[in-house]
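Dear colleague,

Please find below the structure that I am handing over to you. I would ask you to look through it before reading the notes that come after it.

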Amino acid sequence: MEKMLLDGEMRNRSEIKVEFEDRGYQFGDGVYEVIRVYNGKLFTSEMHLTRLIESANKISIKIPYTVEEIEAQLKELVAENEIAFGTVYMQFTRGVSPRNHPFPSTDVAPVYVAYTKEVPYNGALKPGAKAITIEDIRWLRCDIKSLNLLGNILAKQKAAETGCFEAIQHRGSTVTEGSSSNISIVVNGELKTHPATNLILNGITRQVMLKICEDLGVAYKEEAFTLEELVVADEVIMTSTTAEITPITEIDGQSIGSGEPGTVTRQIQQAFHAELERQCGHIIESVAK
Ligand code: PMP
């Protein structure tokens with residue numbers, strides 16, 4: 001029987017119901033995280049849970065647990081559902097209250113759910129993927145990992161309709177980030193990625209990648225770059241919890257560099273794999289149960 005967490009308590013999935021006046025359901029008034037599970041272990045969970053609490057603080061949702069408490073609950077859930085490779089999704093909404101825009105009174109408790117998903121994994125480096133470019137129509141607090149994802153969804157749908165994996169968003173000529181990822185370019189061996197401002201989500205994979213660059217001696221700059229720089233870059237890299245380090249080898253139908261994953265991207269992918277094995281143990285190919 002698949003288990004979920006509801007407000008920190010283990011429940012059968014079939015018991016979990018959405019209240020239609022949950023503000024997450026009606027307004028997208030909540031925050032979420034996705035954590036990857038490798039070998040039954042949560043990868044970079046402390047960073048994800050710290051960001052979850054920061055996102056909640058930014059919109060005045062009070063999470064009544066510490067990072068350590070949530071981590072312990074999630075570990076128990078992963079063990080209970082016997083997830084070797086997969087993801088844990090969790091969200092906190094502002095709670096259930098008669099529909100009204102202002103926050104409800106402070107005695108309304110946030111609603112917290114978490115569930116697991118099995119994702120088969122073979123540890124292979126991700127092959128090159130195609131992307132489109134699209135105007136970034138989202139709000140100006142993209143640093144908050146909010147449940148409100150309409151702008152992201154519309155961008156991703158455009159990519160899907162054109163057979164592409166990601167939509168790379170830009171505000172005017174400045175590239176911000178992907179619809180569900182961060183985007184970096186490599187030019188003459190140097191990596192450039194948008195600084196962690198209100199215009200992007202400061203991805204955990206982005207942060208792991210920058211640490212890897214330091215360790216490998218790959219120079220990097222957290223500096224915005226333009227659409228023009230993007231399409232003529234030697235390499236383009238997409239990073240996210242689910243896509244890990246993915247080379248973008250085609251944008252709007254044009255090849256990037258040679259059209260094959262570049263050498264810096266491959267180096268970073270290998271180092272990322274080593275890092276996840278360091279944290280979660282040696283990866284042996286998994287198949288769906
Ligand atoms: N930007 C956006 C808009 C995202 O949705 C994601 C995926 N959560 C990312 C960046 C990458 O973040 P992370 O590496 O923490 O998954």
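The notes below concern the ligand and its surroundings, and then the aromatic rings.

This is a predicted model, in which local features need pLDDT of at least 70 and side-chain atom pairs count only at pLDDT 80 or more, while totals for chains, interfaces and linings use all residues. Residues are numbered from 1 along each chain as its sequence is written, and side-chain values use heavy atoms, with hydrogens and water left out.

Around the ligand there are 18 residues, of which Lys-145, Glu-177, Ile-204, Thr-205 and Thr-241 come nearest (a residue is near if one of its heavy atoms lies within 4 Å). By class, this shell has two nonpolar, twelve polar and four charged residues; Gly counts as polar here.

Taken alone, the ligand exposes 380 Å², and the protein buries 92% of that (areas by the Shrake-Rupley method with a 1.4 Å probe).

The structure also holds nine aromatic pairs (ring centres within 6.5 Å). One of them joins Phe-92 and Tyr-112, which are stacked (planes under 30 degrees apart), at 4.3 Å centre to centre and 10° between the planes. Phe-92 lies in strand β5 and Tyr-112 in strand β6, so the pair ties together parts 20 residues apart in sequence (strands are DSSP runs of E, at least two residues).

With kind regards

Technical notes. Rings of Phe, Tyr and Trp (its six-membered ring) pair if their centres lie within 6.5 Å; planes under 30 degrees apart count as stacked, over 60 as edge-to-face and the rest as tilted. Helices (H or I, at least four residues) and strands (E, at least two) are DSSP runs, numbered from the N terminus.
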